[in-house]
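Welcome, and please take a moment with the sequence and the model before reading on.

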Amino acid sequence: MALITNNVLWMTWTGAIAGSLVGFLVFNFNPASIFMGDSGSNFLGYMMAVIAIGTTQKESTGIALLIPMFVLGLPILDAALTMLRRALLREGMFLSERGHLHHRLLDMGISHRDVVLTLWGVTLLLCLGGLTFLTDVDRLQILLGVAISGTVFGLMFFTGYIRPHDLRTMWNKGLANLARDKALADLSSDLAQAVDSQPAADGLGTVLEKLTTDGGITGVLHTSPNQADRIFGVYEHDAKGVRTEISIPGTEEHNLTFLWKGRLSGPTKNEVKSLKDMLAKLQ
């Protein structure tokens with residue numbers, strides 16, 4: 001884009017960045033020997049934002065907005081679909097989970113390398129579409145417009161976002177998540193009140209045992225400096241699932257690690273709040 005608009009300054013900047021990334025890719029391509037950390041990815045994201053402004057400032061407002069949206073179309077699409085999915089599932093927007101486009105392609109049995117190459121192809125197509133805004137070739141714009149529309153539709157279709165069955169499944173799972181949150185909150189409250197009215201020899205242990213039996217929690221690891229670690233339910237250190245750690249109020253040395261085995265996302269904000277409220281009442 002800088003070359004087409006004769007922007008020598010941005011040609012220098014983007015050329016330098018592209019050269020460094022190609023050198024990095026030699027060692028980063030699958031199977032990778034080095035990986036980029038948050039500092040590197042945040043820097044690149046910032047530079048992409050600045051370059052998007054700098055290379056389109058001579059264009060009309062509409063084109064200046066559309067070009068960066070096409071170039072960054074894949075992460076924007078993934079972010080939009082993530083927000084839609086989490087809204088339907090009634091889950092927090094900032095939870096870690098395995099529902100992104102590349103995760104879904106991997107779960108379909110496509111190899112890691114083929115997933116990367118597929119997403120590269122989609123990005124290349126979107127970038128070419130963005131470049132057409134700087135040309136006057138109508139036929140090329142129409143051809144790339146059709147290709148991009150078909151590609152995006154196919155990607156969303158095969159990853160389970162636009163089929164009615166997929167949307168209905170996410171909606172029903174969201175209702176189940178709401179019911180699960182309420183059930184855990186009710187159980188936590190009942191257990192806290194029961195132990196408070198009829199203290200047991202080990203009130204905390206009684207509650208945690210009950211939670212792993214009736215609360216949908218697979219296992220709990222209780223870590224204390226004064227005694228050996230205790231496990232309630234089935235807690236496996238290498239099990240795949242979701243974990244969250246909560247400190248017992250008033251005693252920083254005691255920590256509880258809750259495990260939801262097999263879950264891909266969570267715990268939800270309501271689940272954590274219910275557990276914290278319950279532990280607070282037990283002190």
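## About the model

This is a predicted model, in which local features need pLDDT of at least 70 and side-chain atom pairs count only at pLDDT 80 or more, while totals for chains, interfaces and linings use all residues. Residues are numbered from 1 along each chain as its sequence is written, and side-chain values use heavy atoms, with hydrogens and water left out.

## Where H6 meets H7

Let us begin with two helices. Helix H6 spans residues 112-131 and helix H7 residues 138-158; their axes come within 10 Å and cross at roughly 145°. Helices here are DSSP runs of H or I with at least four residues, strands are E runs of at least two, and both are numbered from the N terminus. Each axis is a line fitted to C-alpha atoms, for helices over the stretch in contact, and the angle runs from 0 to 180 degrees between N-to-C directions. The crossing of H6 and H7 is left-handed, a term for a near helix turned anticlockwise from the far one by less than a right angle.

On the H6 side, the contact (heavy atoms within 4.5 Å) is made by Val-122, Leu-125, Leu-126, Leu-128 and Gly-129. H7 contributes Leu-144, Ala-147, Ile-148 and Thr-151. By class, the residues of this contact are seven nonpolar, two polar and no charged. In this scheme Ala, Val, Leu, Ile, Met, Phe, Trp, Tyr, Cys and Pro are nonpolar, Asp, Glu, Lys and Arg are charged, and the others, Gly among them, are polar.

## Salt bridges

A salt bridge here is a side-chain nitrogen of Lys or Arg within 4 Å of a carboxyl oxygen of Asp or Glu. The count comes to four salt bridges. One of them joins Arg-163 and Asp-166, at 2.6 Å from N to O. Arg-163 is partly exposed at 29% relative accessibility, whereas Asp-166 is buried at 15% (buried is under 20% relative accessible area, exposed over 50%, partly exposed in between, with a 1.4 Å probe and protein chains only).

Within helix H8 (residues 164-197), Asp-186 and Lys-182 lie four residues apart, about one turn of the helix. The closest N and O atoms of their salt bridge are 2.9 Å apart. Asp-186 is partly exposed at 37%, and Lys-182 is exposed at 53%.

Lys-261 and Glu-236 also pair, at 3.3 Å from N to O. This pair links distant parts of the chain, 25 residues apart: Lys-261 is in strand E4 (residues 255-261), and Glu-236 is in the loop between strand E2 (227-233) and strand E3 (241-247). Lys-261 is partly exposed at 43%, as is Glu-236 at 30%.
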